[in-house]
Amino acid sequence: MSIIEIKDLNKTYHVHQKKEGLWGSLTGLFRREYKEVCAVKDLNLQVEQGEFVAFLGPNGAGKTTTLKLLSGVINPTSGSVNVMGYVPWERKNEYRRRFALVMGQKNQLWWDLPARESFRLHQQIYQIDNKEFNYTLTELSDLLQIGKLLDQPVRELSLGERMKMELTAALLHSPEILFLDEPTIGLDVIAQHNIQNFLKYYQKERKITILLTSHYMKDIAALCQRVVVIAQGQLKYDGSLGEIIDQFSSTKEITLSLDTNDQPTGLEDLGEVLEVNLPRVKLRVQRNKVAACISRIMDLYTVEDITVEELPLEEVIANVFAHMSQPSDTDKPNEEIVSSR
Ligand SMILES: Nc1ncnc2c1ncn2[C@@H]1O[C@H](COP(=O)(O)OP(=O)(O)OP(=O)(O)O)[C@@H](O)[C@H]1O
Ligand SMILES: [Mg+2]
């Protein structure tokens, strides 16, 4: 049995529609009108123990809603979820001790207190004994290099430091599953990198299961082997990172360093010319024509260096989202899932 089993999961929000103007407000007092928003629609997904899964999708796709359902923060409209044998929305204390949810957009620590005091509170809530608490806190604060900041009020910390504290709080009770909702949002490149390194190390050491949502593709490339894409609440892709790149980047970029500063001729015949900054030239070429193109280049020019690169992951995923959001003729989401699993 998988560690996470999601079956035919649906979550519909009823959103109050406010009419414009004073008259609209007044009539709204007597007869409220609601719109239904299907945040999660017929979602089926299994995650195995120890996987690090990227959960991707455009804004409003239903990622946060799914993580909230998995953590038992909200109840579903229909469907079932089984996480380690628990139904999340039954909110059993035993379940609470075995997972953690971290939301980059939300603070879970006391703003005016030093993080150490919030951690003590966590210790009480999760009933962690002193020895284990001290050991884990020392380990996490060494790894995240936050030892010196533990006694400073959280409100005085930088965004990156605060996220490290949030992660520490979440991991103090050694959860087996971690739901991470945009943990690097708003962080600078170095802080993002630090968090990525930490997560990579921690997941490898502890072999925990992680579901991560992020709009930063560097996070995904650094951490995840498996990518799940949802759009409009529906599963649209489930497969490895390598395969999503193969399937959704039809081109590669070839960069040449020529042995001359003379303007080369015939570049346009080889592919789309992206940049000519002699002696450097950059071309975009269809994937299946790369080999032929390179041999042609070798015939035509004297080349000092040549590199072939995949499209940046941002562009690949943008292609995936564009492809996924095209309306389909049929309304049979399950038949449209692209999967390589
Ligand atoms: N509490 C709520 N009440 C009503 N509608 C909601 C609520 N929470 C989410 N929604 C709606 O459900 C849909 C999915 O939202 P969700 O927050 O899950 O998206 P997301 O994939 O996390 O997007 P983002 O990348 O922007 O964080 C959206 O249309 C959103 O407006
Ligand atoms: Mg979200």
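In which order do the three strands of the open sheet stand? I looked this up and found the order S2-S1-S4, with antiparallel pairing; strands here are DSSP runs (E, at least two residues) and helices are runs of H or I with at least four, numbered from the N terminus, and two strands pair if DSSP finds at least two bridges between them.

I noted that this is a predicted model, in which local features need pLDDT of at least 70, side-chain atom pairs count only at pLDDT 80 or more, and totals for chains, interfaces and linings use all residues. Residues are numbered from 1 along each chain as its sequence is written, while chains are lettered from A and ligands numbered from 1 in the order in which they are written.

Strand S1 (residues 4-17) pairs with S2 in the antiparallel sense over 11 bridges, and Leu9 has Leu43 in S2 as its bridge partner.

**Helices.** I then turned to helix H9 (residues 241-248) and helix H11 (residues 313-324), which pack at an angle of about 70° with their axes 9 Å apart; axes are lines fitted to C-alpha atoms, for helices over the stretch in contact, and angles run from 0 to 180 degrees between N-to-C directions. That angle makes H9 roughly perpendicular to H11 (65 to 115 degrees; under 35 is roughly parallel, over 145 roughly antiparallel, the rest oblique). I listed Ile244, Ile245 and Phe248 in H9 as meeting Val316, Asn319, Val320 and His323 in H11, where contact needs C-beta atoms, placed from the backbone, within 7 Å.

Methods. Two residues are in contact if their C-beta atoms, placed from the backbone, lie within 7 Å.
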